[in-house]
Amino acid sequence: MDPFNSQFILKEKRWLWIDYDKGISIILVGYGHCYATLKDHGLALDNYPFFNYIGVFLYGFRMPLFFIVSGLLVGRSLNKKGLAAYIGDRTNNILYPLFIWGFLQITLQILTARFTHNTVTPMNYLNLIIDPRETGHFWYLNALFCIGVIYAFFKSKLRLTPVMQVILGLILYSASAYIHVNDLRAGFLTDVFEYYFFFALGDLISKVMLDDKNIQRFSSWKVFLPLIVLFITIQYFFTQINLRPSAEEMNYVEHKLPFFFLVEALVGCVTSVSFSFLLQKYKLFTWLRIVGFHSLFIYCMQIIVMTIARTVCINALHITYVPALILLVWSSGIVLPVFFYNFCLRYNLWWLYTFRKPERQVEYLRNNNIFSFKRMKQEPVV
């Protein structure tokens, strides 16, 4: 039995450190979503300030890292497939699940509004496109799709070099900083402006980061140890600022001190990447690679799963002990989406995630029933 399809994933030819990095990031994102899911439900969260502190401490670099990783691969994809195919892949892998899972989540929120007293309206369907922050975490998929398409067009048609794109990204970041500092609204463009720089940075450093000759250099403790000291110092400083009472809450540094946030994000990203190279070197915690492989699918349905887990734990199992709830809801939001994704592929529900059938994976699952206790077939060695 292999309900997370680990044998298929671990045999895939992939950049292992990227999967490690994405695994770390989605687990940290999941922690933030877990804490937010438990807030305002009559729980004694204030009696456990440590949990809030950890969430704020590990906040600053999670999402920038996803954009950098995505930017690392844009050049290779364009060289291999061309602009039209690249946009088609982005539509299949990002825009399509945004619409499917965004529609499902908003529909469930509308149907349960009388019990949860939320303010979700049918307008939120349109907000998935024009103002995704109003829909919660789906802003990320909107921004990732838009940035990827715009960047690829500039790179392919206008021949902008990675250096020029990074300069453009800094200009756009400055525009987003002005928007945040002055409490303006620009819908989906705010996130496009803010994160374009990180995507461009990923493309700029891709040749160095994806060159196997540099693995030994990046897997050095001499690199990681100074970074982790710098990371802890910076995170401690900005956590103290973000914990001060304000309307922005943990986003204060990001929105009101945006160029300090840029430093915080970059140091956090570099530290996470260095740690991921060490994990690859020593082949530790390979389950993180499984989580990283499924990071997008986890993200799509994480809030739905965590909301259900919270409801079951509190209302059905009558669990109110905060540490236990955090552990149960957090782990549910990571583990269950991975299980459900592979279940969907095995039983021809792959269209919940893509409009193109993932032939290789579906074929593998058809020949190897990962939900059976029978011994799985061994693939022939080629």
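Biologist: Why is Glu-248 called buried?
Modeller: Glu-248 has a relative accessibility of 19%, and buried is defined as under 20% relative accessible area, with exposed over 50% and partly exposed in between (1.4 Å probe, protein chains only), so Glu-248 counts as buried. This is a predicted model in which local features need pLDDT of at least 70 and side-chain atom pairs count only at pLDDT 80 or more, while totals for chains, interfaces and linings use all residues. Residues are numbered from 1 along each chain as its sequence is written, and side-chain values use heavy atoms, with hydrogens and water left out.

Biologist: What makes Asp-191 and Arg-133 a salt bridge?
Modeller: Their closest N and O atoms are 2.8 Å apart, and the definition asks for a side-chain nitrogen of Lys or Arg within 4 Å of a carboxyl oxygen of Asp or Glu, so the pair qualifies. Helices here are DSSP runs (H or I) of at least four residues, numbered from the N terminus.

Biologist: How do you know whether Asp-191 is buried or exposed, and which class does Arg-133 fall into?
Modeller: Asp-191, at a relative accessible area of 3%, is buried, whereas Arg-133, at 39%, is partly exposed.

Biologist: What makes Lys-256 a partner of Asp-183?
Modeller: The closest N and O atoms of Asp-183 and Lys-256 are 2.7 Å apart, which gives a salt bridge. That pair links distant parts of the chain, 73 residues apart. Lys-256 also forms a salt bridge with Glu-248, at 4.0 Å.

Methods: Helix = DSSP H or I, 4+ residues; strand = E, 2+ residues; numbered from the N terminus.
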